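Here is a short tour of one protein chain, written to be read with the model open beside you.

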Amino acid sequence: MIKEKKNKKTRAIELLLVVSICILLVTESVLLMNKNQSRKEEKPILTQEEAKKIDRKNMESAKNTVLEKKGEDIVIGTKEVEKEQEQEQTRDYIIADSHTRLLTGDELATLTAEELQIANNEIFARHGRKFEDEKMKIYFESKSWYHGTIEPQEFDAQYETILNDVEKGNIQLIKSILSMSVESETTEKEE
């Protein structure tokens, strides 16, 4: 009787193993059939002729495409997008091109003393100078283009080598206009 129970248990286990192996084999064969069937159904996404037609159509739009390498990355965009980004960034400055062209007294005369101070510090901020003045620190940290990386003392020590001649000339002009506006305010208060 005990042998019969062991034989029944053994047969049940053997039967379970056989059924499990059969299920695995059936599952594997179904997966293989699906894989083979999907390979048979694959066809090229585009024929060469279709690709040529699309290329011809895209040639016109490609004239406005801009490829630019930035480090390891390649940036693909359009001239329109690039112009929009440039305009957006220009609005982020008091004087967007103060690092590339000499400013005039007439254009600076239209700015307030606060705007002149910011314009002056913009030149430094472009080079990554950090600011101790809390107002300037908050202002420049709100700008997408600003990345403060150089401590003020370190920047001031290297001022002559960091800035180009145009920037140095613009800073002198801004400072002279600022000092004139302070003098005129003082004179007005005394009268």
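In what order do the elements of the chain run from the N terminus on? They run α-α-β-β-α-α-α-α-α-α-α, and the secondary structure comes to nine helices and two strands. Please keep in mind that this is a predicted model.

**The chain as a whole**

Of the 191 residues of the chain, 19% count as buried. The accessible surface comes to about 15,300 Å², with 55% of that area belonging to carbon and sulfur atoms. If you take the contacts between residues at least 6 apart in sequence, 48% of them join residues at least 24 apart.

**The largest nonpolar core**

Let us go inside next. In soluble globular proteins, nonpolar side chains tend to be buried together. In this chain the largest nonpolar core has 23 residues. Those with the most contacts inside the core are Leu108, Phe124, Phe131, Phe140, Leu163 and Ile174. Two or more core residues come from each of α5 (113-126), α6 (134-141) and α9 (165-190), and α5 gives the most, with six residues.

Leaving aside its neighbours within four places in sequence, Leu108 is in contact with Ile95, Leu103, Leu116, Leu173, Ile174 and Ile177.

**Where α5 meets α6**

On the α5 side, the residues involved are Glu114, Gln117, Ile118, Asn121, Glu122 and Ala125, and they meet Lys135, Met136, Tyr139 and Phe140 in α6. Sorted by class, this contact has five nonpolar, two polar and three charged residues.

Ala113 is found in helix α5, and Phe140 has its place in helix α6.

| Residue | Relative accessible area | C-alpha separation |
|---|---|---|
| Ala113 | 35% | 8.8 Å to Ile177 |
| Phe140 | 0% | 9.7 Å to Arg126 |

Is Phe140 buried or exposed? Phe140 counts as buried because its relative accessible area is 0%, under the 20% that sets the limit for buried residues. Ala113, at 35%, is partly exposed, since that class lies between 20% and 50%.

Their surroundings are worth a look too. Not counting residues up to four places away in sequence, Phe140 touches Ile118, Asn121, Glu122, Ala125, Phe131, Trp145 and Tyr146. Arg126, listed in the table, is 14 residues from Phe140 in sequence.

Terms used
Residues numbered from 1 in each chain as written. Predicted model: local features only at pLDDT ≥ 70, side-chain atom pairs only at ≥ 80, totals over all residues. Heavy atoms only, no water. Core = buried A, V, L, I, M, F, W, Y, C linked by side-chain atoms within 4.5 Å. Buried < 20%, exposed > 50% of the residue type's maximum accessible area, 1.4 Å probe, protein only. Helix = DSSP H or I, 4+ residues; strand = E, 2+ residues; numbered from the N terminus. Contact = heavy atoms within 4.5 Å. Areas by Shrake-Rupley, 256 points an atom, 1.4 Å probe, with all protein chains shown as cover. Nonpolar A, V, L, I, M, F, W, Y, C, P; charged D, E, K, R; others polar.
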